[in-house]
Amino acid sequence: MHTNNEKQEANVSVIIPTLNAGDSFGMLLKLLKEQTIQPHELIIIDSCSDDATVQLAQAAGAKILTVQRTDFDHGGTRNLAADYASGDILMFMTQDVIPVNGRLIENLVKPLVGDSTHDEVVYTYARQIAGADGNLLEKLARANNYPQESSVQSYEDIERLGIKTFFCSNACSAIRRDVFEQMGGFQSPVIFNEDMFMAARCILSGMKIGYCAEAQVNHTHNYTIKQQFKRFFDNGVSMRCNAWIHPYASATKAGSKLVKKQIIGLRDARKLYLIPKLVAESAAKLIGYKLGMNYDRLPSKLCRRMSMHRLIWDQIDRGDLLVKTPVHVNENVQSKSR
């Protein structure tokens with residue numbers, strides 16, 4: 001159990017992987033300095049950017065680590081930065097999120113460091129709100145995935161939520177360092193879903209994940225239909241390489257529920273003319289995912305063309321992404337749920 005003294009002494013290491021982060025990165029760094037809880041340290045792990053990303057990070061007093069673009073993967077790169085961190089809470093962000101206010105860190109780490117009602121919450125994630133530049137479909141999708149009410153996800157929710165029980169996002173998340181080390185860090189190498197796999201392992205071990213709606217960031221991706229296809233192709237590849245999580249994937253139909261909510265949102269906004277785009281986008285996601293789930297039956301050159309992360313395919317071709325050791329459910333967790 002964490003005490004109030006631990007709450008006061010908690011040190012938060014903020015870790016951000018970067019690659020040509022652009023002008024908005026300066027705003028993110030500025031707003032991190034204005035938080036009610038200041039980062040204990042800021043670690044930027046950069047994939048050889050050729051813009052001003054590193055200079056901006058240096059000016060903000062960040063520790064700079066560098067990886068080659070060919071060596072980047074979503075899990076291993078974050079693990080490398082975590083090895084350099086000294087905080088007892090690791091907070092992961094992406095370069096394109098913007099804190100909504102100065103209480104982001106405070107609200108995100110609150111369940112991890114004090115309140116006895118959240119003793120088993122070990123990994124939290126923030127609410128993502130599409131910015132003003134987000135299109136309507138993007139705003140509806142963010143609103144569906146990141147509701148206004150906070151929640152806690154545990155093993156008991158699997159029957160009701162299926163794989164959504166493990167939903168988590170490293171766009172803005174925080175995890176207790178001791179748990180991170182206990183879990184062996186993020187899966188690596190991995191092409192996608194390192195956050196979901198970590199959340200799943202925590203939950204199957206008897207711990208809980210917290211969604212903190214009060215911790216808010218703007219995060220917008222106006223993906224084209226082609227980009228959605230590539231993103232969900234990588235998602236499918238990731239799932240194919242992790243057969244241990246498949247039993248939980250069939251228990252929910254999150255994709256169809258999202259589409260229904262988006263249609264209702266289009267109707268309410270009187271923009272039903274966007275339905276063809278929604279249908280095309282949904283089809284691209286489904287086809288991309290199905291192809292990704294069967295990537296091992298496809299030519300490697302074709303897979304590289306369909307992927308958002310072409311540089312990781314050397315590792316995939318070697319079979320490095322295949323997780324052959326099953327993830328077991330803690331027996332105490334199973335007995336509690338009966």
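Helices (H or I, at least four residues) and strands (E, at least two) are taken as DSSP runs and numbered from the N terminus. The model is predicted, so local features require pLDDT of at least 70 and side-chain atom pairs pLDDT 80 or more, while totals for chains, interfaces and linings use all residues. Residues are numbered from 1 along each chain as its sequence is written, and side-chain values use heavy atoms, without hydrogens and water.

With a salt bridge defined as a side-chain nitrogen of Lys or Arg within 4 Å of a carboxyl oxygen of Asp or Glu, the count is 16. One of these joins Arg142 to Glu138, with an N to O distance of 2.8 Å. Both residues belong to helix α6 (residues 136–145), where a spacing of four residues separates them by about one helical turn. Relative accessible area (1.4 Å probe, protein chains only) classes residues as buried under 20%, exposed over 50% and partly exposed in between. Arg142 is buried at 11%, and Glu138 is likewise buried at 9%. Shared partners also link Arg304, Asp314 and Asp317 into one salt-bridge network.

Arg69 pairs with Asp50 in a further salt bridge, in which the closest N and O atoms are 3.5 Å apart. Arg69 lies in the loop between β3 (63–66) and α4 (76–84) and Asp50 in the loop between β2 (41–46) and α3 (53–59), so the bridge ties together parts 19 residues apart in sequence. Arg69 is partly exposed, at 31% relative accessibility, whereas Asp50 is exposed, at 62%. A salt bridge also connects Glu106 and Arg103, the closest N and O atoms being 3.0 Å apart; Arg103 is partly exposed, at 40%.
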